[in-house]
Amino acid sequence: MIEPQTSSEKALSEKSLPEAALSEIDAGVAGLAVSLRGVTKVYDSGVLALGPLDLEVRRGEFVSLLGPSGCGKSTALRLIAGLNAPTSGTVGVSNRAGETRAGRSIGFVFQEPTLMPWASVRENVRLPLKLAHVALAEGSARVGEALTQVGLAEFAEAFPRQLSGGMKMRVSLARALVTDPDILLMDEPFAALDEITRFRLNNDLLSLWRNLRKTVVFVTHSVFESVYLSQRVIVMTPRPGRIKAEFRIDAAEPRDEDFRTSADYAGYCRMVSNALAPWQSGQPGS
Ligand SMILES: Nc1ncnc2c1ncn2[C@@H]1O[C@H](COP(=O)(O)OP(=O)(O)OP(=O)(O)O)[C@@H](O)[C@H]1O
Ligand SMILES: [Mg+2]
């Protein structure tokens with residue numbers, strides 16, 4: 001475990017977790033959006049993928065998960081989304097209204113945009129509303145709003161084959177936003193994009209986060225991306241994934257190109273890189 005280097009990191013690393021697992025209701029009261037307590041995941045194959053993992057994310061916080069390939073980052077997101085159940089431990093998810101069922105009020109953005117190729121941008125974004133039986137008129141307004149939020153209002157009638165990679169990812173983001181979720185789970189959403197597009201999407205994501213006040217849990221392999229975007233970066237150990245180190249990124253808002261080229265930014269990146277260093281020459285999935 002690397003030594004925390006600033007007082008806020010020290011405070012964070014010394015923060016003791018309550019003895020008893022928080023119930024989902026407690027998580028809501030405490031202002032937490034996500035609370036994982038002693039969570040493990042063993043797949044049917046017998047692979048112990050995760051944990052035990054203790055993770056809290058405050059409502060409105062932007063947190064990144066970083067770690068070697070195969071350490072359980074996607075598994076952790078799927079557990080938070082309620083797509084998989086933990087083998088042991090508790091997963092608490094709480095939204096603004098205090099409803100506390102895992103999977104409620106969550107938008108998921110995957111690495112691949114996974115759009116329906118035969119459907120227009122509008123129909124792709126409408127899909128979650130259709131599945132939730134939202135009335136057409138209300139749905140149309142929400143689709144229009146989500147497309148405006150990601151800067152694609154003019155492309156509503158286009159088909160995925162007519163879009164660039166970055167635009168497809170924007171559609172995927174609009175589809176996650178259309179239900180107005182409290183929590184956005186993002187699994188390496190920009191990994192396949194070129195650097196310029198990625199920087200732009202990073203900036204757009206930050207302004208969406210600031211304006212919409214979502215809680216974001218963001219998985220990435222990029223130290224630079226995690227530091228640029230996050231209020232807190234969590235470095236995980238190799239499988240089974242646990243928390244190795246946490247870093248609070250105390251940079252002035254809004255973040256911009258000045259931050260990206262600052263000494264503070266370079267310093268944070270160095271700290272996070274150091275925490276990952278033991279595994280940078282390791283085998284994938286090891
Ligand atoms: N459905 C599954 N069935 C069996 N094993 C799985 C399943 N999904 C993931 N695993 C295993 O669990 C471990 C963690 O996988 P996971 O996809 O969560 O890792 P990750 O940190 O997201 O990796 P990457 O950075 O490569 O995306 C891996 O060893 C993987 O092989
Ligand atoms: Mg993954």
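A: Helices (H or I, at least four residues) and strands (E, at least two) are DSSP runs, numbered from the N terminus. As for the ground rules, this is a predicted model, where local features need pLDDT of at least 70, side-chain atom pairs count only at pLDDT 80 or more, and totals for chains, interfaces and linings use all residues. Residues are numbered from 1 along each chain as its sequence is written, while chains are lettered from A and ligands numbered from 1 in the order in which they are written.

Q: OK, what kind of peptide bond joins Arg 239 and Pro 240?

A: A cis one, with omega about -5°. Gly 51 and Pro 52 are also joined by a cis peptide bond, with omega about 5°, and Pro 52 is in strand 2 (residues 48-58).

Q: What about His 133, what's its phi?

A: About 55°, so a positive phi although His 133 is not a glycine. You'll find His 133 in the loop between helix 4 (121-131) and helix 5 (136-149).

Q: Switching topic: which residues come nearest to ligand 1?

A: Tyr 43, Ala 49, Ser 69, Ser 74 and Thr 75, out of 14 residues around ligand 1 (C-beta atom, placed from the backbone, within 6 Å). Helix 3 (residues 73-81) gives the largest share of that shell, three residues.

Q: Is Thr 75 buried or exposed?

A: Buried, because Thr 75 has 24 C-beta neighbours inside 10 Å. Thr 75 belongs to helix 3. Thr 75 and Ala 49 are 26 residues apart in sequence, and 7.4 Å apart in space, C-alpha to C-alpha.

Q: Last one: which residues touch the most other members in the largest nonpolar core?

A: Val 34, Ile 80, Ala 174, Leu 185, Val 217 and Val 272, out of 66 residues. Helix 6 (residues 165-177) gives the most to this core, with six residues. A nonpolar core is a set of buried Ala, Val, Leu, Ile, Met, Phe, Trp, Tyr and Cys residues joined through C-beta atoms within 7 Å.

Technical notes:
A residue is buried if 20 or more other C-beta atoms lie within 10 Å of its own, exposed if 12 or fewer, and partly exposed in between; C-beta atoms are placed from the backbone.
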